[in-house]
Amino acid sequence: MTVRFSGTGELSPLLREPFPGGDVVEWTVRAPEQVRQQSVPSGAGTFLQSDHLATAVAGRRRGDAHRAIIGSLTRFDESLDDAAMAQALTEFLRRHEELRAHYVIDESGITRMVAPANVIEVVTTGSGGAGRQRVDGESIGEHAAQRIAAHTDYDSVPAMHFGAAADADGFTFYLGTDHVHGDGYSMWLALAEIVALYRARVHGDDADLPPVGLYADYIRDESISATAVGAADESVEIWRKALRAKGGIPTSALDLGLADDAPVAAVRARRDLLTAEQAARIDERLASTDLTFTGCVYAALASAQLAVTGEGLFCTTTAVARRMPGHERTQGWLCNFAPICFDTDPDGDCWALIATATAAVRDARIASQAPVGAVLGALAQSGELPPINGSPQMVTYLDHRRLPGVADPTVATTVGFPGVGRTRNANLWVSRMTDCLTIETQIPDNATARANVESYFDAIADWLGVFAAGVDEPPRSHRIAGLPA
C-alpha cells in the first residue's frame, strides 16, 4: 500500500477501481429559469452555510474558478435506461427540499429560495449515439468533476448536476453539487436513494423509501439552539480549552512547504491504511473495553504526527453529524464542527493513547451539541476568540459500512470526493469501507508537502498495523530521536 497523488491541476477523484466510460448522458430540470422564478423565500441558512457563502461570494468577486463542490460516482453493471433515470431523479429532487433551493445574496443578506416540488421535472439532455460526446474510463473522474464544477454553484438551478458515461453493458453515474447544499455523507445517501428509485422505475416496483424531513426544519432548530448557548456551557468550555491549547484555531502540524499564509493550489493524496481483516482484528481487541475504533484512528493520527513533526499536541476540528429524528436521510449540510484536542505521551502504550483519544472524541460529540457559530459568538463576546484567518484543519471519519444501501453491490462501488481548490492545510478524510480503511487529503502542491504527507500516512498505517497485529507498544519508527525507546 503506497500513497497515490493526483496530477497537478486535476480535479479527478482518486478512484480505487476502474469505472467504465461511454457516451455522455446528462439530466437537468425542465425550464430551469421558470423553476427559479417559482421559487419562494424560506429564511436564510445555517452558520456553516453562511460562512461558506461569504467565502464563495468573495471568490466570485475575485474571479476565482468554482471548486467548492462535492460529488460522487457509482458503477452500474447494466445498460442505462435514461428515461427511467430521469423519472428517478424527478422523484429524488421532489423529495429533498434543499436540492430545490438556491441562495440569493445581496445587501439585505442571505435569502434561501425554494422551488415547489410539483414544478420539478427532470429531463434527459443527452443520450448515446452518433455525434454524442464520449468519455473513456481513464477520463471519467476528471470529466465528472469538471461538469459538476461548471454546472453547480450556490445560486444554480437545479442545485445538483447529474450525468453518466454509458456503454451497452454498464455505465458510470455521477452527481454533485455546491458544498452549500450538502456534505460527503449526503452524497452517499443520495446515491443509495437514487439507485433504489432507479431500480424501482426500471422494474415497476415500489422503492419503499422512508419519508425525509425538511432541511428548513434543521435550519430553524439550529437557530433556536443557538439562542440558548452561554459562555459557561460545556460545549463552549471544550472549545475554549482547545483554542487555548493550540493558541488559535487548529492548523496542520505538518510542514506543507508554504512561504506565507496564503492558500495555494492543492493536490489530492490517498492511501489504504488497513485491510478489512486487520480492521476487524482491531474491533476484536477493543470489544471487551469501552474504547472505540474511532478513538483508535485518532490515536494513530496523533502518534504519527509526533513521529514526523515532533509535535505532541494533537488538535484538529471534526465534522459531527447532527440529524434530528426524521432527518436521517435528508439531503443537506446536517452537521456541526467540534474540536478534538489531546496530548500524546511519547512513553505511553497504544492502549493509553486510544483511551485518551476516545475521551477526546466523546468531548467533541458533547461540543457538537451547540452550533459552532453560537459557540464562537459566545467566545467573541467574552473576548476569548483568537483571530481567525482562513479555515481550520479538519479531520472527518466516516464508517461507510453503516450507510444505507451499502450491502448493495452497485451502491458499494460509490466513490465520494470534494472539489480541489486552494489550501494551506492538510484536511483528512478517513473512511472505513467494507474492504479497507483508507485516508485521503488535499495538500499544497509542492515537493515538501508531498514528502511529509507520505511519511505521515506511512506512520499512521504502521501504528494501526502494529496494533492490529496484537502489539501494545507503538512501532519504533514512531519515536523521535532522543526519546526513550
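These entries cover a pocket, the cavities and then the helices.

**Entry 1: the model.** I am working from a predicted model. I keep that in mind throughout.

**Entry 2: second largest pocket.** I looked up its volume, and the second largest pocket holds about 220 Å³. I then asked which residues lie closest to its centre. Of the 14 lining residues, these are Ile238, Lys241, Ala242, Cys341 and Asp363.

H7 has the largest share, with six residues. I also sorted the lining by class: nine residues are nonpolar, five are charged and none is polar.

**Entry 3: cavities.** Rolling a probe the size of a water molecule over the atoms shows where empty space is left. How many cavities of 30 Å³ or more are there? I find four.

I went on to the largest cavity, which has about 150 Å³ of space. Its lining is made of 16 residues. Nearest the centre are Ala253, Gln305, Phe314, Gln393 and Tyr456. Strand S12 (residues 313–321) contributes the most to this lining, namely four residues. By class, the lining of the largest cavity has nine nonpolar, five polar and two charged residues.

**Entry 4: helix H4.** I checked the length of H4, residues 140–151. The helix has 12 residues, so at 1.5 Å a residue it should span 16 Å. The expected span counts one less than the number of residues. The end C-alpha atoms of H4 are 16 Å apart, which agrees.

Which residues of H4 are buried? I list Ile140, Gly141, His143, Ala144, Ala145, Ile148 and Ala149.

**Entry 5: helix H9.** I ran the length check on H9, residues 293–309. This helix has 17 residues and reaches 24 Å from its first C-alpha to its last. That is close to the 24 Å expected at 1.5 Å a residue.

Is H9 mostly covered or mostly open? I find it mostly covered, with 15 of its 17 residues buried.

Definitions and conventions. Residues numbered from 1 in each chain as written. Predicted model: local features only at pLDDT ≥ 70, side-chain atom pairs only at ≥ 80, totals over all residues. Heavy atoms only, no water. 1 Å grid on protein atoms, 1.4 Å probe; cavity = no way out; pocket = protein on both sides within 12 Å on 5 of 7 lines; lining within 4 Å. Points joined across faces, edges and corners; volume = space filled by probe spheres on them. Helix = DSSP H or I, 4+ residues; strand = E, 2+ residues; numbered from the N terminus. Nonpolar A, V, L, I, M, F, W, Y, C, P; charged D, E, K, R; others polar. Buried < 20%, exposed > 50% of the residue type's maximum accessible area, 1.4 Å probe, protein only.
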